[in-house]
Structures are given as C-alpha cells and as structure tokens.
Amino acid sequence: MKTAKQLLQAYIDGNAQDSAALFAENGALELPYLADLGVDPRYEGPKTIGAFLTFLHEKMYPGFTFVDVKIYIDTPDQAFGEYTIHQKSGISGKEVHQRFFGHCTAANGKIVLLREALNVLAAADGMFPGGIADVVRQKAGSEQAAPISDSEKQALATSFIGALRSLDEKGFQKIMTDDVVWTLPGSSLVSGVAHGVAGILKRAQAIVDRNVTLEIMHVVLGHEGVALLLHNTGKWKGKVLDEYLTTVCTLRDGKIARLDTYVSDIPMVNTYFA
C-alpha cells in the first residue's frame, strides 16, 4: 500500500489520468488561491480531477513536467512537497515559472486530499494574455454592472418574442449580446445551436414562414435569469403544430446572452420543420 509520499511523487510524475487515478472516490484536489482568478478551487473524485488535470497538461501547459521536486514531510498518511513548472502557456503564449506547494493526506493507499498553493500572479500570466491586469479589469467590470430588476427581466423575455414575431433584427440587437446563442432540441430545420443575432434571425424566419403562432402563457423569474412558458401552434402544408415549450434566458450585463429551449414533443417539431 502506497504511503502519502509515494502517492504525492506518483502524482507529480504521472500524466493527467494516471495522477487522477491516485485519488479516492471522494478524494479532492484543492487549489484555494485560484478562486482569486475566478477559477473553481476544488475538484472532487477521479473523473472530475482527471478533467481538470487534462486541461492543465494539454491546454494550460502542453507537455509539461514538474521539476525541482522536494519532499519535506514524509509520514505514512501525510506528505508535503514543492515542485515547479517552467513552461510556455498554451493559452496566453507566455513563458510561466510556477512553484507549487502540495500537502497530501492519504488513507488506504489513495489520496484523500491534495491541497496545493501557488503563485496567483504566475497563474494569471498562464491563463490570461494580459496577466493579472486582465483579472483586475474583469472584476472591475463585474462590480460595476448594475443588478437587473424583475420588471426588466420580464421586458427582455417578452421583447424577444415580439422581435421574433416581427423578424425585428434591430430589436434582437437591442436586447441580446453579440455572442448570444440559442439552443433548440431535435433534428429539424430550427434545431441545434443558433449563433449571434444573424443565426437567431434565420431561425425566427423559419418559424414565421411556417405560420407559427407563439402564445406566452407565463413569464417566470429567476435570481439571474428569466424563462418563458409558451404554447406554439400552427398549420402548414397539411402539418399541424401544437406544442408546449419553455425557453430559459440567461442574462449578462442587462442583455440576453443565451437561450435554451425545452420542447414537449420533439418528433412533432422535427416533422413540422422538416
């Protein structure tokens, strides 16, 4: 059965999946200081840890290895060490020199908790082209964004349906972010992911062309978003549409950034919009 030191050394030496496999089913990898950069500081279970380590090994620092490894504490169930990365970031393109401190707690030959500390300035250089300055700008922007009221949320949702009915491109632009997306299930002409106002306008055109009537049954409000409960009906070339659906609007900076539609009868949509 591996000791904490052996597990920590194997984690340092391994690839993403091999290192993740060293953790217990409820084991966790924690990097508390990443929270300052807007990154999740805790990953639990081998699958989740493996996904994070894959990002680290393949995208953040492609092909890196830890060097300058030193283990200072070595007991059967605890180990503490230092290890370093000297690697070009696959995200920012910068050369990053990052020193880690890792405290490993083990039980039954598996890592129960590996808690790592790191230099957040170096991490910011690896994650953002502008380094820590980008982090500061993002935080300043989020702090300045005024909260949106329930009445404003409702107005955005109903304005979306109004713009859809009238194929109002300027109306869409007024209430949506430039990178807005709209997802709709199925394999029909209107299914999939529509990107930007242009993509949403194209989908709206297909809906209007097939004589669809959109009835707003309810507008329901969330803490950060709003949803439309709709009843859509139509007749076109002998086909009949009669479905209930919900479109959830995710908001950002007072505009719709994402729409996700959930449909009661996907086969009916596929047939009607074949």
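Author: A cavity is a set of points, on a 1 Å grid over the protein atoms alone, where a 1.4 Å probe fits but cannot get out, and its lining residues have an atom within 4 Å of a point. Grid points are joined across faces, edges and corners, and a volume is the space filled by probe spheres set on the points. The model is predicted: local features need pLDDT of at least 70, side-chain atom pairs count only at pLDDT 80 or more, and totals for chains, interfaces and linings use all residues. Residues are numbered from 1 along each chain as its sequence is written, and side-chain values use heavy atoms, with hydrogens and water left out.

By this rule there is one cavity of 30 Å³ or more. The largest cavity has a volume of about 140 Å³. Its lining comprises 19 residues, and L184, I207, N232, E243 and L245 are the ones nearest its centre. Two or more lining residues come from each of helix 6 (150-166), strand 7, strand 10 (225-236), strand 11 (239-252) and strand 12 (255-263); here helices (H or I, at least four residues) and strands (E, at least two) are DSSP runs, numbered from the N terminus. Strand 11 gives the largest share, four residues.

Strand 7 deserves a separate description. Seven of its nine residues are buried, that is, under 20% relative accessible area, with exposed meaning over 50% and partly exposed in between (1.4 Å probe, protein chains only). Strand 7 runs parallel to strand 12, to which four bridges join it; two strands pair if DSSP finds at least two bridges between them. Within that pairing, W182 has L259 of strand 12 as its bridge partner. Strand 7 also pairs with strand 8, in the antiparallel sense and over four bridges, with T183 opposite V193 in strand 8.

The loop between strand 7 (176-184) and strand 8 (192-195) holds S188. S188 counts as buried because its relative accessibility is 11%. Beyond its neighbours within four places in sequence, S188 is in contact with V269, N270 and F273, contact meaning heavy atoms within 4.5 Å.

Methods: On a 1 Å grid over the protein atoms alone, a cavity is a set of points where a 1.4 Å probe fits but cannot get out, and a pocket is an open set with protein on both sides within 12 Å along at least five of seven lines; lining residues have an atom within 4 Å of a point.
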